[in-house]
Amino acid sequence: MSYPGYPPTGYPPFPGYPPAGQESSFPPPGQYPYPSGFPPVGGGAYPPVPSSGYPGAGGYPAPGGYAAPGGYPGAPQPGGAPSYPGVPPVQGFGTPPGGAGFSGYPQPPSQSYGGGPAQVPLPGGFPGGQMPSQYPGGQTPYSSQPAAMTQGVQGTIRPAANFDAMRDAEILRKAMKGFGTDEQAIVDVVANRSNDQRQKIKAAFKTMYGKDLIKDLKSELSGNMEELILALFMPTTYYDAWSLRNAMKGAGTQERVLIEILCTRTNQEIREIVSCYQSEFGRDLEKDIRSDTSGHFERLLVSMCQGNRDENQNVNHQLAQEDAQRLYQAGEGRLGTDESCFNMILATRSFPQLKATMDAYSRMANRDLLSSVGREFSGNVESGLKTILQCALNRSAFFAERLYYSMKGAGTDDSTLVRIVVTRSEIDLVQIKQMFNQMYQKTLGTMIASDTSGDYRRLLLAIIGQ
């Protein structure tokens, strides 16, 4: 299976496409996404999961995707966290007795883990325990009661009603025909169709005109606008797999891309990425990670690409207390650091479970877990572990922060800006925009408008719903 329209010629920043002449075997629409649960590359089934591998754990549930919207049924209600042995009961989560707590990582009143919101107020903690200086006056965005956030997760792009792939293909053909290009017509179509609908438009275009839509678009566009259009027309799983391949290809490795994708996706998404990486590039993702990274960072990423995180939505508070104690003894409570203990807990526990562990840790250690990770680790492994913890606290805030730093200061990291806007546009970009506004006292649209220009700016703003 091969994806057409991405020849290497004429577009050096986008390596990794099939060789010229092999572009015509794009799978018909409907073959994505891959079925869930396929075995790892190399064949064979996943090993059986222990039924009670850790003290207090109820075993791992069968791997699978996140739950449908509706939240985590087993998550405690605000004020409803049970007391731990030897710990005085507290009224819900938040600042523990003695004033130590999470130091300001933004938190909505409800958290969503790929599905609906779990009704858990979310403490936070920025790296090092310090509030970033970019907040005006150094104030936390939650010093006053935050505005209520939209419940559940929501993308800025929804499938278009009354969708007609052939009509859209004709609009795009007319926009590219003759002198000049009608970029506004292209923007109006691609920014208002889901990824699945764009795949159907691509297939209809080839059926109607015997030409490849991506090749035609590439001949009419250039630079950032071309990169953004190509990203929008790649099937979702392929785009993640392509981004990982691009991050490890050639000299140097873009570790932040590996962290951003592998540490934030669901089990099912990761397994689909691994399979797509093998089928499209003929390579084993885990082997590429091993050859491009090393040490504890390599081990963390290898753990992530197994797609075997516990996704049970219920929180085991006894296990959270035990894990918090383990993490303290592996880090702050000893000389040196037992890195494997951090890897095991952060790579296997569900995000709601990690959230409860962080809460227990802050009460026990008088310090939040994010700042402890900052004291015990450095470099890429520190970034990876913090990304996992930040996603457990508030996934939308993590992506908002990444977007902010892609545009802050001189120049713009356009690849990061494009990747996050495109990949989150049908998942949780509404929540990311809300968090961005609360964290930085400016809208995402305002910052994009001041950092970009032309049709590129127009299409980005259309995607985020501005």
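Colleague: How should I read burial in this structure; for example, is Tyr361 buried or exposed?

Modeller: Please note at the outset that the model is predicted. A residue is called buried when its relative accessible area is under 20%. Tyr361 has 0% relative accessibility, and therefore counts as buried. Tyr328, by contrast, has a relative accessible area of 28% and is partly exposed. In the chain as a whole, buried residues account for 54% of the 466 residues.

Colleague: How many helices and strands does the chain contain?

Modeller: The chain has 19 helices and two strands. Contacts show how its parts are joined. Of the contacts between residues at least 6 apart in sequence, 74% connect residues at least 24 apart.

Colleague: How many aromatic pairs does the structure hold?

Modeller: Eleven aromatic pairs are present. One of them is formed by Tyr328 and Tyr361; the pair is tilted, with 6.4 Å from centre to centre and 55° between the planes. Tyr328 belongs to helix H11 and Tyr361 to helix H13, and the pair links distant parts of the chain, 33 residues apart. A further pair, Tyr404 with Tyr440, is stacked: the centres are 3.9 Å apart and the angle between the planes is 5°.

Colleague: Which parts of the chain does the pair of Tyr404 and Tyr440 tie together?

Modeller: Tyr404 lies in helix H15 (residues 379-407) and Tyr440 in helix H17 (residues 429-440), so the pair ties together parts that are 36 residues apart in sequence. Both Tyr404 and Tyr440 are buried. Ring pairs also join Tyr404, Tyr405, Phe436 and Tyr440 into a cluster.

Colleague: Let us turn to salt bridges. How many does a search of the whole structure find?

Modeller: The search finds 21 salt bridges. Glu226 is buried at 6% relative accessibility, and Lys218 is buried at 14%.

Colleague: A salt bridge may also lie within a helix. What separates Arg326 and Asp323?

Modeller: Arg326 and Asp323 are three residues apart in helix H11 (residues 317-330), and are therefore separated by about one helical turn. They form a salt bridge whose closest N and O atoms are 2.4 Å apart. Arg326 is partly exposed, at 22% relative accessibility, whereas Asp323 is buried, at 0%. In helix H13 (residues 351-365), Asp359 and Arg363 are four residues apart, again a separation of about one helical turn. Asp359 forms a salt bridge with Arg363, and their closest N and O atoms are 2.5 Å apart. Both Asp359 and Arg363 are buried.

Colleague: Which residues are linked with Arg245 in a network of salt bridges?

Modeller: Arg245 is linked with Arg283 and Asp288 in that network. Arg245 is found in helix H6 (residues 236-248) and is buried, with a relative accessible area of 12%. Leaving aside residues up to four places away in sequence, Arg245 touches Tyr277, Phe281, Arg283 and Asp288.

Colleague: How should I read the sides of a helix; which residues of helix H9 are buried?

Modeller: In helix H9 (residues 285-292), Leu285, Asp288 and Ile289 are the buried residues. Viewed down the axis of H9, these fall within an arc of 100°, and therefore line one face of the helix. Lys287 and Ser291 are exposed on the other side of H9.

Colleague: Against which helices do the buried residues of H9 pack?

Modeller: They pack against H6, helix H7 (255-262), helix H8 (267-281) and helix H10 (295-304). Finally, consider the start of H9, where a side-chain oxygen of Asp284 reaches to within 2.9 Å of the backbone nitrogen of Glu286.

Technical notes. Residues numbered from 1 in each chain as written. Predicted model: local features only at pLDDT ≥ 70, side-chain atom pairs only at ≥ 80, totals over all residues. Heavy atoms only, no water. Salt bridge = Lys/Arg side-chain N within 4 Å of Asp/Glu carboxyl O. Buried < 20%, exposed > 50% of the residue type's maximum accessible area, 1.4 Å probe, protein only. Contact = heavy atoms within 4.5 Å. Arc of directions from axis to C-beta. Polar contact = N/O pair within 3.5 Å; in protein donor to acceptor, adjacent residues only side chain to side chain. Phe/Tyr/Trp six-rings, centres within 6.5 Å; stacked < 30°, edge-to-face > 60°.
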